[in-house]
Amino acid sequence: MSESNITWFHCGRCGSLFLSPAGETDERTCTECGRKPSLGLEAPAAESETSSTPLPAHEKTAHHGERERHSSRRRGTDYFIAKLVVGWLVFLLAIIFGARWLWKSDNESNQPAVTQAPAANDASQEDVSLLVEASPQCNQVFSAFLAAGTPEERNQFVLSPITTAARMARFYGLNPMVNVDPRTMTSTGSSVLHLPSRRAIETHWKTADDRQLDAVFIEENGEWRLDWDHFARYSDYPWALFLAGSGEDHGEFRLLARERLADQRKNSESISIVLYSPRAGLANEAGFQSPEFLIRRDTKNGRLLDAAFQLEREGKNAFGMQLPGINPPGLIRVRVKVRRVEQNQVRKFELEDIAACHWYSEDAPGVEIPEPPPQEK
């Protein structure tokens, strides 16, 4: 039998390919399973007979090689199809996540950029949970506040808006508004602030022109709102105009205090301080300076100032706030009541009271005031 008369056939029973003489014959059987390849024909005797008859060695070798080549082609095809399916899945996932990222970026384009704040070493799990939960809303409120163009629009984002509205109108009538594009701001830290009556969140920010801002948020009626008095450094009247003799002769002011001649006067009966107006965003600069004030150390105000300056020297803050301070070096924040007295064309100033050593909307002093020294008998 010549090779030209041999051809390949497909077995309908076991699925194998086998070599057999060309032409139609009822005697053709599969060399793999030994049965007739047609499903419509049964020949049990032939199956038994064929299966018991061994194939010549050269036919077995050829048949085995063809089977291996067929299996190899089938495995290659399956592998290619699997790679194609995986490639399409990766491509579709990239499209889906890319679309979600673009949508998120578009919705957050007007909000400040946020970086992870350095966590305080002793921050409780409760504080961490509060930051995670409340920070997104605080960022949105601050962004909307800065983007608002008028005091009336900003009023809806502040703490106690009804009672704050009048102060905001009076303040912005005499002081410029802080204008910052929230999209150019970057968060440099945030921390939970434990006030005596409630918890707050303090945040620090840096602008594109290297200004530093701090904002405090307090929860009110289920919403986080900006402590506007703290952010605006609210005072009853501009400090520079008050020093120049304008406006009412007394008022409450949020100022910076510096101790004069601290080393030389540490054993004296009085502490000497000078007050400065703060400059929004300029952490290393102070504004207009007052004359010197002398406060007896054994009074409530003197003991409060001593405690506050000692806290500053230790690198600590009011109410144990964990973020590093952004005041000019050696200066502390105070909320004071000052009276202006003019007699015989001479202008003097009296420090009536130190309400607190911070700028928050909180009446507590912010530091622990030492007990007065025992009086000598």
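Start by selecting Leu-195, which sits in the loop between strand E3 (186–194) and E4. Helices (H or I, at least four residues) and strands (E, at least two) are DSSP runs, numbered from the N terminus. You are looking at a predicted model, in which local features need pLDDT of at least 70 and side-chain atom pairs count only at pLDDT 80 or more, while totals for chains, interfaces and linings use all residues. Residues are numbered from 1 along each chain as its sequence is written, and side-chain values use heavy atoms, with hydrogens and water left out.

**Stop 1: around Leu-195**

Is Leu-195 buried or exposed? Leu-195 is buried, with a relative accessible area of 8%. Here, buried means under 20% relative accessible area, exposed means over 50%, and partly exposed is in between (1.4 Å probe, protein chains only).

Now show the residues that Leu-195 touches: leaving out those up to four places away in sequence, they are Ala-200, Ile-218, Phe-319, Tyr-360 and Glu-362. A contact means heavy atoms within 4.5 Å.

**Stop 2: the whole protein**

Zoom out and colour by secondary structure to find 8 helices and 12 strands. Of the 377 residues in the protein, 36% are buried. Among contacts between residues at least 6 apart in sequence, 56% join residues at least 24 apart.

**Stop 3: the largest nonpolar core**

Select Phe-142, Phe-145, Phe-217, Trp-228 and Phe-231, the residues with the most contacts inside the largest nonpolar core, which has 28 residues. The elements giving two or more residues to this core are H3, H5, strand E4 (199–206), strand E5 (212–220), strand E6 (223–226) and H6. Helix H3 gives the most, with 8 residues. A nonpolar core is a set of buried Ala, Val, Leu, Ile, Met, Phe, Trp, Tyr and Cys residues joined through side-chain atoms within 4.5 Å. In soluble globular proteins, nonpolar side chains tend to be buried together.

Stay with Phe-142 for a moment. Which residues is Phe-142 in contact with, leaving aside neighbours within four places in sequence? They are Met-185, Trp-205, Ala-215, Phe-217, Leu-226 and Phe-231. There is also a second, separate core of 27 residues, which includes Ile-295, Ala-307, Val-336 and Cys-357.

**Stop 4: helix H5**

Select residues 161–174, which form helix H5. Its 14 residues should span 20 Å at 1.5 Å a residue, and its end C-alpha atoms are 20 Å apart, which agrees. The expected span is 1.5 Å times one less than the number of residues.

The buried residues of H5 are Thr-164, Met-168, Phe-171 and Tyr-172. An α-helix has 3.6 residues a turn, so residues three or four places apart point the same way. Show what covers the buried residues of H5, including helix H3 (125–147), helix H4 (151–154) and helix H6 (228–232).

**Stop 5: helix H8 and its partners**

Move on to helix H8. Its buried residues include Leu-304, Leu-305, Ala-308 and Phe-309. They pack against E7, strand E8 (270–278), strand E10 (293–296), strand E11 (331–343) and strand E12 (346–356). After H8 comes Gly-315, whose phi is positive, near 75°.

Next, show the side chains of Glu-259 and Arg-313, which meet in a salt bridge (3.6 Å, N to O). Glu-259 lies in strand E7 (residues 250–259) and Arg-313 in helix H8 (residues 300–313), so the pair ties together parts that are 54 residues apart in sequence. A salt bridge is a side-chain nitrogen of Lys or Arg within 4 Å of a carboxyl oxygen of Asp or Glu.

Another salt bridge joins the side chains of Asp-306 and Arg-297 (2.7 Å, N to O). Asp-306 is partly exposed at 25% relative accessibility, whereas Arg-297 is buried at 14%.

Finish with Glu-126, Asp-127 and Arg-199, which are linked in a network of salt bridges. The whole structure holds 23 salt bridges.
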